[in-house]
Amino acid sequence: MTATISTIGVIGAGQMGSGIAHVSALHGIKVLLADLSPDRVQAGLATINGNLARQVGSGRISEADRQAAIGRIVPVRGLEELAEADLVIESATENETVKRKLFAEVCPYLKPEAMIATNTSSYSITRLAAATDRPERFMGMHFMNPVPVMELVELVRGIATDDATFEAAKQFVAQVGKKAAVSEDFPAFMVNRILLPMINEAIYVLYEGVGSVEAIDTAMRLGANHPMGPLQLADFIGLDTCLSIMQVLYEGLADSKYRPCPLLVKYVEAGWLGRKTNRGFYDYRGPTPVPTR
């Protein structure tokens, strides 16, 4: 295993994958960016370029930094083009079946010493590692959203993860300018084990008619000094992702306090997933967000 990771592969060019590619490239690492759809890769590159341009505008980086970072990101057409990666980070949709399928497909193309990490926010690292040919070189590496802004990465070892992989993962987190917090391999780890039940409870408060969307978010912003209300945050995360994490907690810990709110289920069934569909607890189709309840 190399002492310093110089090339990574990122599978998934959405919000999280593009963010991981952004910070990695900005810190001198070559990034091979893959997705099932070439259009998504191009959209991811456009997002990265726009976010880098905003950093230039705010004085956080120089124009030369932006151009160098963009030059380090290489769009790839298939998983076979990830063969040179020292580390592959999976950042696909939060669906265990999809993730396991990706690991089975990519492993034959990787060099034997390459590490694999998953950006899952909730699924068992031990179970996902079992879908690969190298569970000892597999890690949970949960970046926070938005990746260019948030400092934390949760590191999670599976039962088979060896010490060398764990140390290399810690080094990589530092290499891209982030700070690590180490979690045991329990459902939803630490951040989402604490955060998502709070969001789910806020949805119950709405469901039971205790307060409106606007009242709940205002109460938590001004009363608890949160930077955004829990329902606004749920829309930002994605209501489908919120529901998936609550289901993992409910099924994995067998405790009724993690039961997903029926209103959350209803919104997801309606396709109202938050910002990414322009409608969730707020309607984003106009010039300003409007509460939907």
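Hi everyone, let's start with a pair of helices: H2 passes H3 in a right-handed crossing, where right-handed means that the near helix is turned clockwise from the far one by less than a right angle, and left-handed that it is turned anticlockwise. Helices here are DSSP runs of H or I with at least four residues, numbered from the N terminus.

A quick word on the source: this is a predicted model, in which local features need pLDDT of at least 70 and side-chain atom pairs count only at pLDDT 80 or more, while totals for chains, interfaces and linings use all residues. Residues are numbered from 1 along each chain as its sequence is written, and side-chain values use heavy atoms, with hydrogens and water left out.

Back to our pair. H2 covers residues 38-57 and H3 residues 63-72, and they pack at an angle of about 160° with their axes 9 Å apart. The axes are lines fitted to C-alpha atoms over the stretch in contact, and angles run from 0 to 180 degrees between N-to-C directions. H2 and H3 are therefore roughly antiparallel, the word for angles over 145 degrees. On the H2 side we have Ile48, Asn49, Leu52, Ala53 and Val56, meeting Glu63, Arg66, Ala69 and Ile70 of H3; contact means heavy atoms within 4.5 Å.

Now for a second pair. H7 (residues 191-207) and H10 (residues 239-253) pack at about 110°, with axes 10 Å apart. That makes H7 roughly perpendicular to H10, a label for angles of 65 to 115 degrees. Their crossing is left-handed. H7 brings Asn192, Arg193, Leu196, Pro197 and Asn200 to the contact, and H10 brings Cys242, Ile245, Met246, Leu249 and Leu253.

While we are on H7, please look at Ala202, which lies in that helix. Is Ala202 buried or exposed? Ala202 is buried, at a relative accessible area of 8%; the cut-offs are under 20% for buried and over 50% for exposed, with a 1.4 Å probe and protein chains only. Beyond neighbours within four places in sequence, Ala202 is in contact with Ile216, Pro230 and Leu231.

Finally, the cores. A nonpolar core is a set of buried Ala, Val, Leu, Ile, Met, Phe, Trp, Tyr and Cys residues joined through side-chain atoms within 4.5 Å. The largest has 35 residues, and those with the most contacts inside it include Ile8, Leu87 and Phe172. Apart from that core lies another, of 26 residues, among them Val213, Leu243, Leu249 and Tyr258. Thanks, everyone!

Definitions and conventions:
Helices (H or I, at least four residues) and strands (E, at least two) are DSSP runs, numbered from the N terminus. Angles under 35 degrees count as roughly parallel, over 145 as roughly antiparallel, 65 to 115 as roughly perpendicular and the rest as oblique.
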